[in-house]
Amino acid sequence: MPRRPEIGNVQLYPNRPLRKADRNGYVLKFYCPLLRTRVRRNCGTRDRTEARRILRECRERLLNGEYAASGGAITAKSALANVPGAHAAPAANQQADNRSWQDCYQRYRDHRSTRIRETSLGDALSRLNIAERIFEGYREDRGLTEGLPVAEVMTLDLLEYLQDRLLAGDECRYDCRSPNTVNSMMGAVMAFVRFCHTRGWIPTVPPVEKLDVDDVMKGRPITTDEFESMLKVTPDVVGPDSAVSWQLALRVIWESGFRVGDLMDFSWDDDRHIRPIWPTQKRLHPTLVIPSSQKNGRTQEIPMLPGLDELLRAIPKQDRTGWIVNPQPIQYEIKSRESWFRPSDQDLKRLIECYSNCSIATACHVSEMSVRKWLSGAEIRRKNEFHRGTSEIPAAELIELRKRGTSHTAFEAQRRNTRLTKERVGRVISLIGEKAGIVVRQDDERTGYRKKFASAHDLRRGCAQRLINAGVSAETLKVIFRHSSFETTQNFYGATRSAQAGAEEVIAKLGQIRKKESFVGGLVGGEEPAAQLSPAEIRKLKALLDSL
């Protein structure tokens with residue numbers, strides 16, 4: 001049986017000092033006896049001490065019954081002021097109650113968490129948080145009361161206002177958003193609106209129209225020469241030690257048409273992930289088994305492209321375990337403001353007898369942790385521990401120490417052992433495309449599009465383009481690229497095939513017409529190429545024409 005809710009168990013979020021990104025301030029989470037579910041209440045303060053005082057008062061009101069008697073006020077002050085966010089028990093014939101955005105958001109998250117993938121839920125909730133901040137800014141600019149009652153913000157005017165602000169680039173790292181992105185974000189918001197309407201929290205679903213968009217690719221297929229240039233600059237972006245793993249990742253996408261998520265889910269021997277299958281019978285071809293965790297939610301077996309088959313067979317059999325592609329963390333250095341140096345081991349032994357780690361670190365322009373690592377690496381132990389800072393090392397001695405030591409101008413970044421996420425891999429591949437100078441879309445002030453460099457998806461498009469050029473049908477493309485709808489394949493790749501087929505037909509027809517209009521002996525007719533007349537024959541022909 002599920003555990004009974006505990007009245008008075010109030011939690012404060014976040015339980016730490018607020019950061020600049022915490023725009024909602026401190027929030028209380030607890031079980032509401034009126035609504036019979038866990039709710040969230042904003043403390044209305046950014047002071048941690050005040051928020052803890054409100055938490056204690058709210059707990060006391062829940063235990064002594066004042067919370068329920070006041071209709072859901074978390075403090076005595078809010079009970080006297082009759083705060084709109086305080087809940088009363090909903091009436092049976094009430095069409096739409098005055099629920100807050102946070103309460104509906106919590107119910108929506110709990111409802112969707114068991115029905116969609118975790119990544120999809122995270123994307124949807126992130127977009128709802130952006131909408132919430134825009135709505136809060138709207139009410140703050142107009143001097144309205146705090147809180148976001150859904151019945152007041154889920155109107156046609158405010159949703160169209162949200163659409164305009166998203167298009168203008170509010171809450172975005174860029175100056176503006178594309179219409180495609182705005183439509184996608186509004187889709188998440190409208191799903192939340194329909195959820196609220198279904199439960200009677202708002203009276204109607206406003207008819208918000210989508211923005212007109214260009215039905216074109218965000219990038220373009222890259223060519224073989226461009227792909228080779230990306231491989232060439234990979235060591236400059238990720239470092240020489242990590243370059244081999246990243247070049248393998250680029251080649252797998254180029255030969256398979258994988259998405260980045262598929263690339264990072266590609267395994268040799270785990271049937272829970274994408275894996276290659278080589279049949280034992282000669283007449284059968286190698287395939288790839290795709291689990292239902294992929295984007296379209298289907299378990300599939302698709303043909304393995306010959307280039308990928310050749311690439312995988314080149315890997316030694318003893319290395320065919322675990323992940324096929326595992327890009328290593330990139331190597332880079334952190335530039336320091338001042339050039340630092342490491343004293344020699346002999347100098348370190350002499351310095352620790354007279355100076356503390358703090359004094360040595362200050363003289364070498366490093367941290368105390370660096371000094372401790374130097375001593376540990378050289379297996380040098382102190383005989384005397386200094387519990388406070390010692391005097392500074394003289395300047396003349398520092399000059400000699402620097403001469404005998406090794407000088408540097410940067411620190412090598414510490415590398416993590418955890419596997420990179422697909423988002424990180426996608427960003428690094430985009431950095432490689434930018435380093436190679438491959439522009440797949442120019443900036444356009446009219447449409448608001450920014451300049452875009454080659455990404456992992458442009459490698460996928462390049463694979464599709466090579467298959468189209470080889471004459472592969474659109475139906476087979478749909479299977480290989482695992483589009484959930486044939487319209488996706490037709491929209492993006494069917495136009496290229498139609499253009500090529502039309503060009504071949506036009507060239508064939510025009511070639512026949514030109515062939516029939518060839519001259520024989522200088523006259524129209526026949527299908528043989530025209531013979532060239534000698535100068536004597538031309539004079540005779542001219543005399544004959546003059547005599548007529």
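A residue is called buried when its relative accessible area is under 20%, exposed when that area is over 50%, and partly exposed in between, using a 1.4 Å probe and the protein chains only. At 33% relative accessibility, His365 therefore counts as partly exposed. The structure is a predicted model, in which local features need pLDDT of at least 70 and side-chain atom pairs count only at pLDDT 80 or more, while totals for chains, interfaces and linings use all residues. Residues are numbered from 1 along each chain as its sequence is written, and side-chain values use heavy atoms, with hydrogens and water left out.

The protein has 548 residues, of which 38% count as buried. Its secondary structure comes to 21 helices and twelve strands; helices (H or I, at least four residues) and strands (E, at least two) are DSSP runs, numbered from the N terminus. A contact means heavy atoms within 4.5 Å. Among the contacts with a separation of 6 or more, 61% are between residues 24 or more positions apart.

Asn9 lies in the segment before strand 1 (11-13) and is partly exposed because its relative accessibility is 28%. Apart from neighbours within four places in sequence, Asn9 touches Lys29, Phe30 and Arg38. A cis peptide bond, with omega about -15°, joins Tyr13 and Pro14, and Pro14 belongs to the loop between strand 1 and strand 2.

Helix 4 comes next in this account. Its twelve residues reach 16 Å from the first C-alpha to the last, close to the 16 Å expected at 1.5 Å a residue; the expected span is 1.5 Å times one less than the number of residues. Its buried residues, which include Trp101 and Cys104, pack against strand 2 (27-32), strand 3 (37-42), helix 5, helix 6 (150-153) and helix 8.

Two packed helices are described by the angle between their axes and the distance between the axes. Axes are lines fitted to C-alpha atoms, for helices over the stretch in contact, and angles run from 0 to 180 degrees between N-to-C directions. Angles under 35 degrees count as roughly parallel, over 145 as roughly antiparallel, 65 to 115 as roughly perpendicular, and the rest as oblique. Helix 4 and helix 5 pack at about 175°, with axes 11 Å apart, and are therefore roughly antiparallel. The residues of this contact comprise eight nonpolar, two polar and three charged. In this grouping, Ala, Val, Leu, Ile, Met, Phe, Trp, Tyr, Cys and Pro count as nonpolar, Asp, Glu, Lys and Arg as charged, and the others, Gly among them, as polar.

Helix 10 (residues 243-256) and helix 17 (residues 422-435) pack at about 90°, with axes 12 Å apart, which means that helix 10 is roughly perpendicular to helix 17. Trp246, Leu250 and Ile253 of helix 10 meet Val425, Val428, Ile429 and Ile432 of helix 17. This contact has seven nonpolar residues, no polar and no charged.

Helix 8 (residues 179-198) has 20 residues and spans 28 Å. Its buried residues pack against helix 4 (101-112), helix 5 (118-141) and helix 7 (156-168).

Backbone angles complete the account. Most residues other than glycine have a negative phi, and most peptide bonds are trans. Glu171, in the loop between helix 7 and helix 8, has a positive phi of about 55°. His365, in the loop between helix 14 (357-364) and helix 15 (368-377), has a positive phi near 60°.
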